[in-house]
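Please open the structure in your viewer and keep the selection panel at hand.

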Amino acid sequence: MLQYKSQAVAKPYFIAAIALFIGQILFGLILGLQYVMGDFLFPEIPFNVARMVHTNLLIVWLLFGFMGAAYYLVPEEAETELHSPGLAILMFWIFLIAGALTVLGYLLVPYARLAELTGNHLWPTMGREFLEQPTITKVGIVVVALAFLYNVGMTILKGRKTVVSLVLLIGLVGLAVLFLFAFYNPENLVKDKFYWWWVVHLWVEGVWELIMGAILAFVLIKLTGVDREVIEKWLYVIIAMALITGIIGTGHHYFWIGTPEYWQWWGSIFSALEPLPFFMMTVFAFNMVNRRRRNHPNKAAMLWALGTGVMAFLGAGVWGFLHTLAPVNYYTHGSQITAAHGHMAFYGAYVMIVLTIISYAMPMLRGREAANSNRSQVVEMWSFWLMTVSMVFITLFLTGAGILQVWLQRYSDDPQPFMVVQEKIELFYWMREVAGVIFLIGLVLYVISFFVGQRQPEASAKPLPAVSPAEA
Amino acid sequence: MSQVFTKAMARNIFYGGSVFFILLFLALTFDTIKVLPERDNRANLTEKVAHGKAVWEENNCLGCHTLLGEGAYYAPELGNVYKRFGESKEAIKAFIASRPVEGIPGRRSMPQFNLSEEDGRAG
Amino acid sequence: MTAIRPETLVWLLLVALTLLTWGVGQEGLNGPAVSLGLLGVALFKGHLVGDWFMGLRRVRGPWRWVIALWLLLPGGLIALAFLLAAR
Amino acid sequence: MHAVAEAMTGRPDSFPLPERRAQGSAAGAAQERVAWPPGDLAIWIFILAELAVFAIFFAAYAFARMGELELFVTYQQTLDTNLALINTLALITSSYFVVRAVGRIRADDAGGCIRWLAGALLLGGVFLGVKSLEYAHLFGEGVSLSTNTFYTFYLSLTFFHFMHVVMGMVILAAVAVKAAQGHYSREVHTGVETGASYWHMVDLVWLILFPLVYVM
């Protein structure tokens with residue numbers, strides 16, 4: 001049951017997000033297999049193409065998730081209907097079709113041909129990690145983002161202005177503005193890399209944390225019934241920490257790309273503190289849940305909300321810190337350790353926050369009062385544990401592979417060539433692939449959870465035991 | 001004294017802190033840009049080098065390789081490829097040109113990119 | 001209003017200790033003992049600021065020691081690094 | 001963490017406001033202690049984060065020095081300790097002025113508070129001026145962040161601190177303006193304490209920085 005009927009536009013966004021998520025994981029499994037069976041699907045889908053699809057789908061489905069989250073929570077926060085539901089739906093289709101065409105382009109024609117077809121030589125922006133999209137697709141992303149910001153911004157302007165929606169908006173505006181650096185691709189490699197990180201780092205360790213914080217705060221307000229004032233002031237403190245540490249933390253990418261040496265100090269010092277906001281987010285989530293004023297029937301959403309705090313701290317905070325100090329990074333840079341960190345950080349922080357809001361909002365979007373049936377929630381919670389635990393193992397196996405790789409290839413007295421080392425650490429890649437299959441099973445269960453127990457009654461929550469005011 | 005912890009102050013710290021660190025970051029960026037010309041060998045940045053970068057980009061080389069450690073970790077780093085190939089451009093070109101179209105059974109193989117002679121020289 | 005405020009005495013003490021540190025620098029004294037002495041003076045000055053200027057003297061519980069504990073963190077690491085460097 | 005966790009939930013604290021001493025009375029009277037530091041707790045979280053950065057920065061300096069001892073000792077001597085002395089005294093005194101400003105507002109004397117704050121701001125300005133002279137001199141000699149590790153640290157640490165002085169002055173000025181507008185009184189002056197706490201932090205950091213970078 002929706003409070004505002006225009007919230008319904010979030011539903012297609014969430015469905016598209018989940019569908020693309022499945023695609024991302026399938027390509028992830030292909031990549032994992034190519035690590036151990038080098039000729040798998042060669043030359044039909046070479047590794048570079050599969051990887052591009054894997055990472056680009058991730059970004060696109062997270063953006064779908066963020067937009068869906070905004071369309072769902074902004075009307076509720078602003079206490080007014082969305083400025084233009086029609087525009088939101090139109091943009092949904094434009095974004096989906098543009099995304100699908102781009103992925104088809106990746107898969108059906110050689111990348112160089114795609115570059116040629118889309119006129120990359122007129123304004124070269126392609127061929128850089130995560131920004132592989134043709135320039136025209138990038139322009140499309142900007143158009144969609146502008147329309148989206150206009151829609152959400154107008155809604156906030158005409159309604160109640162809460163901290164949650166304001167922080168979300170700041171995060172989304174930051175996301176759009178920083179993306180503009182994707183259009184700057186100088187011939188000078190150092191400058192290229194320097195500003196490329198303004199998109200990549202300042203997204204995931206900057207403005208995306210604002211988006212994550214805002215969504216988490218919204219869900220916690222709804223699930224725990226804790227006073228909005230309390231949650232909002234902690235939201236401010238957490239995102240302040242995120243930007244204080246994260247902005248200069250960009251320096252940890254400026255160690256070895258030709259930028260001055262002082263970045264090794266600045267980058268190391270500030271990124272040493274980058275786990276802090278994620279740690280606070282975890283403490284925050286658990287504290288609010290402990291202080292809850294009601295039991296919400298949607299226990300699955302609660303699990304996701306707590307899980308995202310913990311996993312973001314582990315993946316982004318701890319695994320990031322592991323290799324962020326310049327003397328360590330000197331050896332680990334661009335190894336499987338980076339891959340380990342990337343996987344758990346993206347899953348813990350951004351995949352899980354999107355799944356949190358989907359878990360919270362979907363029952364209402366599908367006409368329930370507040371939550372799915374118990375049976376559906378049980379399946380969803382199984383999927384939570386399967387995906388989360390298998391991601392922990394993916395990370396551990398990649399870390400093992402990375403440590404061995406660094407040792408054999410870079411640290412030992414007798415460094416061995418890259419490919420020789422790759423064969424020696426094959427066992428870890430196999431184990432990673434097995435964990436990846438379990439992740440896929442978790443994801444399938446997740447999808448199934450939307451279809452089971454539909455005719456059963458909603459889960460109900462036990463009322464909180466009475467507490468004395470002193471404890472409350 | 002009841003403990004004071006206001007949302008207004010938390011907000012001020014968010015805005016103030018963010019502006020502070022954005023300015024600091026811009027100051028460091030400014031210094032970096034100022035000293036880069038002494039560090040990045042831009043005098044050697046010829047047309048051919050720029051073309052090489054375009055070849056690298058338009059064939060999505062970092063979908064497998066890293067360059068200065070950034071990219072994918074499926075194939076070796078390319079920042080040091082010249083050294084690893086015995087400082088022979090010909091050897092590198094020959095390697096790229098000789099990649100079998102159908103790959104190598106059971107092993108990772110670089111795709112055949114059919115680079116032109118001009119692209120090969122630049123790349 | 002004749003009694004001197006304790007904060008004023010603290011201020012004078014801080015000034016005096018600063019002059020002491022500066023004087024040591026002027027004399028060109030060095031060596032690990034001097035460095036550690038100066039570090040000790042600096043930490044003490046920091047503690048004075050925490051206690052009297054920041055007002056932690058009147059606080060009980062964990063916040064009472066927050067500055068003192070902070071001082072020990074860089075203080076300890078600096079001392080360690082200077083001692084190792086002097087070996 | 002306990003205190004923070006408690007603060008997080010906004011649990012009302014049952015400890016009453018201690019009797020503030022009348023301005024100028026001698027210390028020593030047994031006072032009831034409060035559970036929270038003066039000012040808004042949010043600023044204290046910020047202060048702790050900033051102090052953590054400086055702590056790591058200081059330790060990094062010390063260990064970098066260990067690696068290049070000779071270089072650090074040599075180039076330390078190019079710094080002007082006299083200017084640093086002036087600056088240290090300026091900050092200490094300015095911090096003291098802020099203590100007095102807080103005392104005045106607790107005595108319901110907004111005018112006195114503003115005057116002490118103005119004095120503190122003036123000394124902050126002296127600090128910035130002297131530091132700028134130092135920078136001008138060094139830059140004139142072609143020193144930059146990339147000259148060597150010592151200068152990297154010297155400039156990074158002092159410039160980072162310099163920015164904090166500017167930030168602190170902005171905060172103090174805002175407090176003074178609000179005081180002039182009559183927002184503060186004996187009962188309501190958390191804002192003054194908040195600004196004061198931040199300014200003392202700026203002073204505190206310099207008290208470590210000065211001997212570490214200039215003398216030790």
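What radius of gyration does chain B have, and what would a compact globule of 123 residues have? The model on display is a predicted one. Select chain B: its radius of gyration is 24 Å, whereas a compact globule of 123 residues would have one near 14 Å.

Now colour chain B by secondary structure. The chain contains 5 helices and 2 strands, and their order along the sequence is α-α-β-β-α-α-α. Buried residues make up 32% of its 123 residues. Among the contacts in chain B with a separation of 6 or more, 30% are between residues 24 or more positions apart.

Remain in chain B and select B:N114. This residue is located in the loop between helix 4 (89-97) and helix 5 (117-122) of chain B. Although B:N114 is not a glycine, its phi is positive, at about 50 degrees.

Next, show every chain. Which chains share the most contacts? Of the 4 pairs of chains in contact, that place belongs to chains A and B. Chain C, by contrast, does not touch chain A; the nearest C-alpha atoms of these two chains are 13 Å apart. Chain B and chain C are likewise not joined by any contact, and their closest C-alpha atoms lie 11 Å apart.

Move to chain A and select residues 336-365, which form helix 13, together with residues 374-411, which form helix 14. The two axes come within 7 Å and cross at roughly 165 degrees. Helix 13 and helix 14 of chain A are therefore roughly antiparallel to each other, and helix 13 passes helix 14 in a left-handed crossing. To view the contact, display side chains including A:H343, A:M344 and A:Y347 in helix 13, and A:M391, A:I394 and A:L398 in helix 14. The residues of this contact comprise 10 nonpolar, 7 polar and 1 charged.

A second stop in chain A is A:P43, in the loop between helix 1 (10-36) and helix 2 (47-78). The peptide bond that joins A:F42 and A:P43 is cis, with omega about 0 degrees.

In chain C, select helix 2 (residues 32-53) and helix 3 (residues 66-86), whose axes come within 10 Å and cross at roughly 170 degrees. That angle makes helix 2 of chain C roughly antiparallel to helix 3 of chain C. Among the residues that meet here are C:L36, C:L39 and C:L43 of helix 2, and C:L71, C:I78 and C:F82 of helix 3. This contact has 12 nonpolar, 5 polar and no charged residues.

With 14 other C-beta atoms within 10 Å, D:D108 is partly exposed.

Key: Residues are numbered from 1 along each chain as its sequence is written. Chains are lettered from A and ligands numbered from 1 in the order in which they are written. This is a predicted model: local features need pLDDT of at least 70, side-chain atom pairs count only at pLDDT 80 or more; totals for chains, interfaces and linings use all residues. Axes are lines fitted to C-alpha atoms, for helices over the stretch in contact, and angles run from 0 to 180 degrees between N-to-C directions. Helices (H or I, at least four residues) and strands (E, at least two) are DSSP runs, numbered from the N terminus. Angles under 35 degrees count as roughly parallel, over 145 as roughly antiparallel, 65 to 115 as roughly perpendicular and the rest as oblique. A crossing is left-handed if the near helix is turned anticlockwise from the far one by less than a right angle, and right-handed if clockwise. Two residues are in contact if their C-beta atoms, placed from the backbone, lie within 7 Å. Ala, Val, Leu, Ile, Met, Phe, Trp, Tyr, Cys and Pro count as nonpolar, Asp, Glu, Lys and Arg as charged, and the others, Gly among them, as polar. The radius of gyration is taken over C-alpha atoms; the globule rule is 2.2 Å times the number of residues to the power 0.38. A residue is buried if 20 or more other C-beta atoms lie within 10 Å of its own, exposed if 12 or fewer, and partly exposed in between; C-beta atoms are placed from the backbone.
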